[in-house]
Amino acid sequence: MRHRSIALIVVTALLAAGCTAQIPGRPRAAKVVKKEASSTTIQVRGTDNGPIDKLAATALTDIDEFWKESSQQTFNKAWKPLSGGYFSVDTADSSAKPPPCTQKAADVEGNAFYCPAADAIAWDRASLLPVLQDRFGEAAVVVVLAHEVGHAVQNRMGITPEAERREPEKYPTILTEAQADCFAGAFIRNVADGKSERLDINADALDKALGALITFRDPVGTSPEDEQAHGSAFDRVAAFQDGYEQGTKFCAAMSVQNRQFTQRAFTSVKDRANGGNLPFDEMLEAVTPDLDGFFKNLATTAGKQWPSPRAEASQSEPDCSGDQGPVAYCPSDKTIKIDTKDELPELHKDEGDYATGTLIATRYAMAELAALGKPIEGEEASAAALCLAGAYTGAVFQRQDGFGLSPGDFDEAVTVLLKYDYAARDAKGGNPVDPGFERVARFREGVFEGAKKCGV
């Protein structure tokens, strides 16, 4: 029997990384439960009544209550609670009973899923939810369960496995997964707005939870047409943010006609061999003149002179105009100074070549704002620089020739924006856009709506 899962392949990578691994530079997210669900609300079968199942039951109770209200508002129909219930599975216990859609308990290892045939949700309490909680905080567990309930919502919409088999071009997996992410985002917004009786998710907890969505991305180079494609990190975070910002009606209306995905398969043997990443020096040589050309065109179209800022290597973090991080726009001599010795090469190695490209793009964006006579200090300038970096990225994505994006580049952009605030600092190194969730949102605006959305 078919089921909709979120994390089957991912848990191996999580465990290999170590259960106590932390996202660099970020504190552990706070607890999100302010009031536990009573034992008379959500009944969890197979539970050991431990902390992780209590967290799951509390989250599911609030998610169920959210849909009791939202189903009426979104579909003009009463919400039908899951008839098959909820199953916690100890995959470390060989004698544990299997939940619906499985043959044995071990089939659930590293997984959480919705089973349409039984209208039930199951999760691995031994090696999935605890790993998520430890690495990404309690909010990540809430997001995963909200995603699975999102699949239950789809089932009630008539988006069933049978419908997907009958009309695969209408309901590709990458779309149904994005829609479930969108529904999860709508629920989290309800919590963030203080409308949840039991949960409280702040900005830091949300940023860390999005780190889990990044981990759940498809392997770089997966085709969006793959029947098991769940989406790239950028696509998944984008869908979640759309639900957060637009609500459940927007999510329900998602279709192949109105949804753009950035996930792409590798198109060359060379790109596949290097994972879509150029060496650091080659990336600098390729991206800096391309950025110069893009922003020159923007400036001249607006009737302004483009000063063509020089990209200069620095042997340490640039300090020409406040602490902008490993890449800085220096307004006094109109240069872009790039740390080519320490932090940026290390970041390039850890996060990928377009993490480097994204940071450099925001500094060229600052030069663009200066050329247009717009402020380069303050949070408005920081937001505009993020948006313009997104506009550049979107333009490169649409190209057929010349410097282009490789599979995984969008994911590298969203990762660096979530982990670090460098891209969101103004020309004095201050006023960053926070949290990371908002940085990604401003970048996405530029990607999908272009430079006009950025106010230029």
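**Figure 1. Cys101 sits in the loop between strand 3 (85-89) and strand 4 (112-115).** Helices (H or I, at least four residues) and strands (E, at least two) are DSSP runs, numbered from the N terminus. The phi angle of Cys101 is near 75°, a positive value in a residue that is not glycine. Most residues other than glycine have a negative phi, and most peptide bonds are trans. The model is predicted: local features need pLDDT of at least 70, side-chain atom pairs count only at pLDDT 80 or more, and totals for chains, interfaces and linings use all residues. Residues are numbered from 1 along each chain as its sequence is written, and side-chain values use heavy atoms, with hydrogens and water left out.

**Figure 2. A cis peptide bond joins Asp434 to Pro435.** Its omega is near 0°. Pro435 belongs to the loop between helix 15 (409-419) and helix 16 (436-449).

**Figure 3. Helix 4 (residues 138-157) packs against helix 6 (residues 173-192).** Two packed helices are described by the angle between their axes and the distance between the axes. Here the angle is about 120° and the axes are 7 Å apart. Axes are lines fitted to C-alpha atoms, for helices over the stretch in contact, and angles run from 0 to 180 degrees between N-to-C directions. Helix 4 and helix 6 are therefore oblique to each other (angles under 35 degrees count as roughly parallel, over 145 as roughly antiparallel, 65 to 115 as roughly perpendicular and the rest as oblique). In the contact (heavy atoms within 4.5 Å), helix 4 contributes residues including Val142, Ala146, Gly150 and Met157, and helix 6 contributes residues including Thr176, Ala180, Phe183 and Phe187. The contact residues of helix 4 with helix 6 comprise 10 nonpolar, 6 polar and 2 charged. Ala, Val, Leu, Ile, Met, Phe, Trp, Tyr, Cys and Pro count as nonpolar, Asp, Glu, Lys and Arg as charged, and the others, Gly among them, as polar.

**Figure 4. Helix 6 also packs against helix 8 (residues 233-246).** The angle is about 45°, and the axes are 6 Å apart. Helix 6 and helix 8 are therefore oblique to each other, and their crossing is right-handed. Among the residues in the contact are Asp181, Gly185 and Arg189 of helix 6, and Arg236, Phe240 and Tyr244 of helix 8. The contact of helix 6 with helix 8 holds 9 nonpolar, 2 polar and 6 charged residues.

**Figure 5. Helix 13 and helix 15 pack at an angle of about 60°.** Their axes are 7 Å apart. Asp353, Tyr354, Ala355, Thr358 and Leu359 of helix 13 meet Asp409, Glu412, Ala413, Val416 and Leu417 of helix 15. These residues divide into 6 nonpolar, 1 polar and 3 charged.

**Figure 6. The largest cavity has a volume of about 40 Å³.** The structure holds 1 cavity of 30 Å³ or more. On a 1 Å grid over the protein atoms alone, a cavity is a set of points where a 1.4 Å probe fits but cannot get out, and lining residues have an atom within 4 Å of a point. Grid points are joined across faces, edges and corners, and a volume is the space filled by probe spheres set on the points. Gln324, Pro326, Val327, Leu359, Thr362, Arg363, Tyr422 and Ala423 line the largest cavity. Helix 13 (residues 353-371) gives the most to this lining, with 3 residues.

Notes. On a 1 Å grid over the protein atoms alone, a cavity is a set of points where a 1.4 Å probe fits but cannot get out, and a pocket is an open set with protein on both sides within 12 Å along at least five of seven lines; lining residues have an atom within 4 Å of a point. A crossing is left-handed if the near helix is turned anticlockwise from the far one by less than a right angle, and right-handed if clockwise.
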